[in-house]
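Open the model in your viewer and keep the sequence panel beside it. We will go stop by stop, selecting residues as we go.

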Amino acid sequence: MADETGGVPVHLTVSEPLPLDVPAGNSVAVTARASCPEGRDRTGMAITVTAPDGQAAMHAFAMHAFAMHADGVSETAAIALEVPPRLGVHLFRFTLPAHEIAGTHYAQAVLDVPVRVTPQATSLAVWDVPSPVVAGTRFVIKAGAKSAANATLAGRAIEVCDDAGDVAGRGVLSDAPLPGTGALYWTDIHLQAPRIEGVATWSARFEASELDLPHDGAKTSFSVAVVRPPEHVLSVKVIEQATAAPIPDVELRLGAYRGTTGASGLAEIALPKGRYELRVWKVGFEAPPRPVEVGADAFVQIEALAVPEEDPDARWRM
């Protein structure tokens with residue numbers, strides 16, 4: 001704060017701690033406060049706020065629901081500071097002209113409010129990742145990026161790199177956001193699985209340096225299980241133990257391999273020969289894990305026990 005000589009000084013402050021950190025292109029609301037040793041009421045007086053681009057606007061100290069004079073401090077309503085879309089520190093100058101109250105001359109008061117402009121954030125998502133995938137085969141994932149400012153990301157690229165950092169796939173973001181989302185732009189990315197079994201991890205990255213509004217880039221990772229080519233088909237039927245009725249929508253797991261029963265309670269899972277532990281899961285049913293050895297096409301029937309669902313309100317009853 002700077003005071004003009006030749007008068008009683010007036011103290012200017014704003015309601016938020018300085019400097020203000022604001023993402024590029026956003027605004028931040030502050031209130032201006034003026035006080036002096038005599039605690040004078042400056043209701044109706046105007047303070048000038050000059051933006052970094054030289055544009056000036058006047059705001060009054062006034063008595064209404066959001067601005068008041070109390071405890072010797074006069075306050076404005078909220079003032080929106082529209083920050084420039086450029087990174088760095090920018091100054092907004094608050095100026096209260098010299099004035100006189102009850103015969104006392106008060107000096108001009110100036111307060112420079114530094115605003116540190118930071119990049120907008122971006123987020124990155126990867127979904128529809130198949131697992132397992134057969135070694136050496138091609139597969140497709142979906143990836144999307146979103147700006148915290150809902151900026152348009154159409155035409156920008158997402159790259160996927162392997163564990164050595166080499167680009168394994170690339171996709172260009174859609175012209176329009178994914179339906180049902182505010183601003184998630186998405187793309188398909190084609191990849192090729194390694195030729196060695198195991199868990200493969202890729203990283204997806206979005207480079208935001210060329211956007212009109214400064215943004216940070218984003219990065220995420222995902223993994224898939226890479227397996228040998230399937231040699232046989234295991235058919236699994238799940239029935240209710242008491243009635244022998246087929247149970248649909250049961251999730252099946254044999255290591256990295258997955259399946260779900262259909263309306264007939266049957267699922268078919270292609271997998272290579274070997275020993276597996278078959279696990280089944282569905283709310284309201286129980287069945288113990290079952291060892292399965294696959295050396296040819298095979299059929300397994302699982303009898304699941306229906307169990308009553310827990311009453312979430314039981315603990316509140318006496």
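## Stop 1: an aromatic cluster

Select Phe 139, Trp 202 and Phe 222: together they form one aromatic cluster. Keep in mind that this is a predicted model.

Trp 202 sits in strand β21 and Phe 222 in strand β22, so the pair ties together parts that are 20 residues apart in sequence. Are Trp 202 and Phe 222 buried or exposed? Both are buried.

## Stop 2: the sheet around it

Show the strands as a cartoon. Five of them form an open sheet, in the order β16-β22-β21-β18-β19, with mixed pairing.

Select β21 (residues 198–206) and β22 (residues 218–227). Nine bridges join them, and they run antiparallel. Find Phe 206: its bridge partner in β22 is Ala 218. Phe 206 of β21 also stands opposite Ile 158.

Next, pick β18 (residues 157–161). Four antiparallel bridges link β18 to β21. With strand β19 (residues 167–172), β18 pairs in the antiparallel sense over five bridges.

Look where β18 meets β19. Cys 161 has Val 167 of β19 as its bridge partner. The hairpin has five residues between the strands, and in it Gly 165 takes a positive phi near 90°.

## Stop 3: a loop residue

Select Val 129. It lies in the loop between β15 (122–127) and β16 (133–134). Why is Val 129 called partly exposed? Its relative accessibility is 26%, and partly exposed covers values between the buried limit of 20% and the exposed limit of 50%.

What does Val 129 touch, beyond its neighbours within four places in sequence? Its contacts are Ile 141, Phe 222, Ser 223 and Val 224. Phe 222 takes you back to the aromatic cluster of the opening stop.

## Stop 4

Move to Leu 20, Leu 81 and Phe 94. These have the most contacts inside the largest nonpolar core, which has 27 residues. Several strands supply at least two residues each, among them β3 (20–23), β10 (79–82) and β11 (88–96). Which strand gives the largest share? That is β14, with five residues.

Zoom in on Leu 20. Leaving out residues up to four places away in sequence, Leu 20 touches Val 28, Val 30, Leu 81, Val 113, Pro 114, Val 115 and Arg 116.

There is a second, separate core of 25 residues. Select some of its members, including Val 133, Leu 191, Ala 204 and Leu 211.

## Stop 5

Select Tyr 257 and Tyr 276. Both are buried. They form an edge-to-face aromatic pair, 6.0 Å centre to centre with 90° between the planes. Tyr 257 lies in strand β25 (residues 257–260) and Tyr 276 in strand β27 (residues 274–281), so this pair ties together parts that are 19 residues apart in sequence.

Finish at Arg 42 and Tyr 106. The charged end of Arg 42 sits over the ring of Tyr 106, 4.8 Å from its centre.

How values were computed:
Residues are numbered from 1 along each chain as its sequence is written. This is a predicted model: local features need pLDDT of at least 70, side-chain atom pairs count only at pLDDT 80 or more; totals for chains, interfaces and linings use all residues. Side-chain values use heavy atoms; hydrogens and water are left out. Buried means under 20% relative accessible area, exposed over 50%, partly exposed in between (1.4 Å probe, protein chains only). Contact means heavy atoms within 4.5 Å. Two strands pair if DSSP finds at least two bridges between them. A nonpolar core is a set of buried Ala, Val, Leu, Ile, Met, Phe, Trp, Tyr and Cys residues joined through side-chain atoms within 4.5 Å. Rings of Phe, Tyr and Trp (its six-membered ring) pair if their centres lie within 6.5 Å; planes under 30 degrees apart count as stacked, over 60 as edge-to-face and the rest as tilted. A charge sits over a ring if NZ of Lys or CZ of Arg is within 6 Å of the ring centre and within 35 degrees of the ring normal.
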